[in-house]
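Please consult the sequence and the model while reading.

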Amino acid sequence: RHNLLLASERPTLVQHFARHGYRTVGWMPGIKRPWPEGAFYGFERLADDARLGYSGPDVGYWRIPDHAAMELLQAQELNSSPRKPVFAVFPTTSTHAPFHPLPTLPGESAADGDTGSTAERYTRSLRYQFRWLARHLAVTDPSRQVLIVVGDHQPPGGLAGRDASWDVPVHVIASDPALIRRFENLGFTAGLQPSDAALGDMHELTRALLLAFDGRSEHH
């Protein structure tokens with residue numbers, strides 16, 4: 001199916017935003033080998049591990065801490081002026097196995113992320129992720145950004161439990177009341193805790209984004 005997709009002319013979400021005047025950026029610190037297949041998605045800029053401009057110390061297998069990758073994205077793309085609006089896709093890596101060693105945030109003491117079970121390491125990686133994300137939101141202008149945080153799958157190796165649901169949360173962080181209302185009309189609810197009922201399969205998120213950003217929404 002993946003090969004058939006790459007050989008098709010199916011439009012992508014990236015191409016849709018490009019047609020509407022956005023600069024499209026794939027920010028991919030986890031890609032450490034050639035990825036010619038990435039051309040299918042149509043990013044104007046596709047920056048992998050070697051092209052992010054990171055010059056700090058390597059931290060584990062993934063090398064580039066997520067908070068550092070986000071700072072580079074902010075500096076190189078999101079703060080550029082004058083500029084077109086930017087549609088950026090940033091798959092984070094610090095919460096991906098092996099979950100250690102954990103990066104250290106500026107001003108914080110180093111966390112011992114190499115001890116404990118895999119589940120404990122995974123939990124600590126999530127704490128790190130939420131801390132740097134909160135810091136990022138605290139120092140950026142909320143009126144100039146919409147942040148969509150997606151959990152792409154459950155943790156591997158049974159960390160979520162044998163009977164755990166494969167549903168994952170999607171959070172929309174924005175300050176535009178009209179945009180928030182459109183997402184609410186599509187079934188999203190306020191707050192950090194998702195409702196028990198899933199809104200649909202992962203591919204349906206594309207449709208929700210198109211409706212919300214095109215200025216339309218559907219009442220359920």
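Q: What makes a stretch a helix or a strand in this predicted model?
A: Helices are DSSP runs of H or I with at least four residues, and strands are runs of E with at least two, both numbered from the N terminus. On that basis the protein has 6 helices and 5 strands, in the order α-α-β-β-α-β-α-β-β-α-α.

Q: Why is the protein called as compact as a globular protein of that length?
A: The globule rule gives 17 Å for 220 residues, and the radius of gyration is 18 Å; the value is close to the rule, so the description applies. The C-alpha trace spans about 50 × 40 × 40 Å along its principal axes.

Q: Where does Pro101 lie?
A: Pro101 is in the loop between β3 and α4, and a cis peptide bond joins His100 to Pro101, with omega about -5°. Pro98 also has its place between β3 (86–89) and α4 (118–139); Ala97 and Pro98 are joined by a cis peptide bond with omega about 20°.

Q: Why does Phe99 count as buried?
A: Buried means under 20% relative accessible area. Phe99 has 4% relative accessibility, and therefore counts as buried. Phe99 lies in the loop between β3 and α4.

Conventions: Residues numbered from 1 in each chain as written. Predicted model: local features only at pLDDT ≥ 70, side-chain atom pairs only at ≥ 80, totals over all residues. Heavy atoms only, no water. Rg over C-alpha atoms; globule rule 2.2 N^0.38 Å. Buried < 20%, exposed > 50% of the residue type's maximum accessible area, 1.4 Å probe, protein only.
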